[in-house]
Amino acid sequence: MEIRIDNIEKIHEAARTFIREALPQHNVIAFYGKMGAGKTTFIKALCEELGVEEVITSPTFAIVNEYSITAPPSAKNTASEDLKIGAIYHFDFYRIKRLEEVYDMGYEDYFYQPDALCLIEWPELIEELLPETALCVNISELPDGSRQLAW
């Protein structure tokens, strides 16, 4: 499937479509894309549509940020009401130098938690640890500046 985001004003609409189409079947989402492709921006919109009210930032230095759903899902996003998400974990593995770092942080406790949603930036650095059921999403910038999500 593909979603095209023509401009930043359409990102929440794209996030709602993604929630409807991808989240019911997957709780680990691996976002691939070049630096500046929009991974963090899309994850921020996704979290906001799911009801996260906290400040959402890339966990580049912390490696993982945890968000709680504290507000009802977006009024325009009735599909997210059926999802059973207890916590959202936002990972950024850009700074990982060795897989042992990921083992040491206890990645299994996150990836295999049944009511958790794991959103991963730079998954190519830990690919061998991703669950078989992980959804791989490619985000690319098109020549006209729009973005395309494909999975």
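## Strands and how they pair

Two strands count as a pair if DSSP finds at least two bridges between them. Keep that in mind as you look at this predicted model. Strand β2, residues 28-32, is joined to strand β6, residues 135-141, by four bridges, and the two run parallel. Find F31 and look across: V137 in β6 stands opposite.

## The whole sheet

How many strands form the open sheet? There are seven, in the order β1-β7-β6-β2-β5-β4-β3, with mixed pairing. The edges are β1 (2-5) and β3 (64-67), each of which pairs on one side only. From one strand to the next, the twist averages 20 degrees.

## Helices on the sheet

Helix α1 covers residues 11-21 and lies across β1, β2, β6 and β7, at about 170 degrees to β1. Helix α2, residues 39-50, packs on the sheet too and touches β1, β2, β3, β4, β5, β6 and β7. The direction of α2 makes about 165 degrees with that of β5.

## Two nonpolar cores

In soluble globular proteins, nonpolar side chains tend to be buried together. Here the largest nonpolar core has 30 residues. F18, I29, F31, F42, I88 and L119 have the most contacts inside this core. Which element gives the most to this core? That is α2, with six residues. Other elements giving two or more residues include β1, α1, β2, β5 and β6.

Among the residues F18 touches are I3, I29, F31, F42, L46, V137 and W151.

Key:
Residues are numbered from 1 along each chain as its sequence is written. This is a predicted model: local features need pLDDT of at least 70, side-chain atom pairs count only at pLDDT 80 or more; totals for chains, interfaces and linings use all residues. Side-chain values use heavy atoms; hydrogens and water are left out. Axes are lines fitted to C-alpha atoms, for helices over the stretch in contact, and angles run from 0 to 180 degrees between N-to-C directions. Contact means heavy atoms within 4.5 Å. A nonpolar core is a set of buried Ala, Val, Leu, Ile, Met, Phe, Trp, Tyr and Cys residues joined through side-chain atoms within 4.5 Å. Buried means under 20% relative accessible area, exposed over 50%, partly exposed in between (1.4 Å probe, protein chains only). Lists of a residue's contacts leave out its neighbours within four places in sequence.
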